[in-house]
Amino acid sequence: KPVILLCAQYALWSVGVYGFVMWLPSIINAAPNMDIVKTGWLSSVPYILSIVLMLTVSFFSDKLQNRNAFVWPFLLIGALAFYGSYLIGTSNFWLSFTLLIIAGGAMYAPYGPFFAIIPEILPRNVAGGAMALINSMGALGSFAGSYVVGYLNGATGGFGASYIFMAGSLLLSAILTIWA
């Protein structure tokens with residue numbers, strides 16, 4: 001049961017992460033007065049926050065030995081930030097972009113603690129295979145996320161539906177992490 005829950009959790013998480021990764025430059029480039037150079041620089045900002053958060057979250061997760069407490073809150077923050085960015089829409093680019101920075105950083109922050117959960121809850125003889133299965137489900141989620149986000153962007157002519165989709169997948173991922 002825990003492996004199946006972690007598979008579903010990581011697949012949903014990857015939907016949000018890779019929908020974000022693949023489409024962030026297009027989202028930024030759609031802003032008024034945006035050129036390719038500004039788009040490139042602004043696209044890097046969420047990853048700078050991600051580096052800081054990944055190191056900090058991993059440190060405190062190791063120090064406190066509580067992995068779940070450092071996974072689900074960040075996924076929830078990412079979901080809420082996506083939803084907030086959706087609500088703001090194009091009316092205030094900088095506030096909407098700030099929420100996307102928070103969403104990006106929050107989605108990457110719990111990678112270390114998440115992958116530390118697996119060997120802690122499973123016997124050594126199955127942990128490697130379970131980790132491979134969980135990672136494979138994440139790869140499927142990443143494919144689905146990139147594809148569905150692109151489809152929603154094209155079908156609706158905007159990014160709102162994809163924000164809701166990514167927020168929903170991160171919210172479900174956070175719920176499954178609490179439940180697992």
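**A buried serine and a pocket**

Me: In this predicted model, is Ser 43 buried or exposed?
Reply: Ser 43 has a relative accessible area of 10%. Buried means under 20%, so with its 10% Ser 43 counts as buried.

Me: OK, and which residues is Ser 43 in contact with, leaving aside its neighbours within four places in sequence?
Reply: Start with where it sits: Ser 43 is found in helix H2, residues 36-64. Its side chain also reaches the backbone oxygen of Thr 39 at 2.7 Å. Leaving aside neighbours within four places in sequence, the contacts of Ser 43 are Leu 24, Pro 25 and Ile 28.

Me: Let's move to the largest pocket. Which element gives the most to its lining?
Reply: The largest pocket has a volume of about 300 Å³. Helices H1, H3, H4 and H7 each give two or more residues to its lining. The one that gives the most, with four residues, is H4.

Me: How many residues of that lining are charged?
Reply: The largest pocket is lined by 17 residues, and Ile 27, Gly 89, Thr 90, Phe 159 and Tyr 163 lie nearest its centre. The lining has 11 nonpolar residues and six polar ones, and the number of charged residues is none.

Me: Gly 89 came up there. Why does Gly 89 count as partly exposed?
Reply: Gly 89 lies in the loop between H3 and H4. Gly 89 is partly exposed because its relative accessibility is 28%.

Me: And how far apart in space are Gly 89 and Met 131?
Reply: In sequence, Gly 89 and Met 131 are 42 residues apart. In space, going C-alpha to C-alpha, the distance between Gly 89 and Met 131 is 38 Å.

Terms used: Residues numbered from 1 in each chain as written. Predicted model: local features only at pLDDT ≥ 70, side-chain atom pairs only at ≥ 80, totals over all residues. Heavy atoms only, no water. 1 Å grid on protein atoms, 1.4 Å probe; cavity = no way out; pocket = protein on both sides within 12 Å on 5 of 7 lines; lining within 4 Å. Points joined across faces, edges and corners; volume = space filled by probe spheres on them. Nonpolar A, V, L, I, M, F, W, Y, C, P; charged D, E, K, R; others polar. Buried < 20%, exposed > 50% of the residue type's maximum accessible area, 1.4 Å probe, protein only. Polar contact = N/O pair within 3.5 Å; in protein donor to acceptor, adjacent residues only side chain to side chain. Contact = heavy atoms within 4.5 Å.
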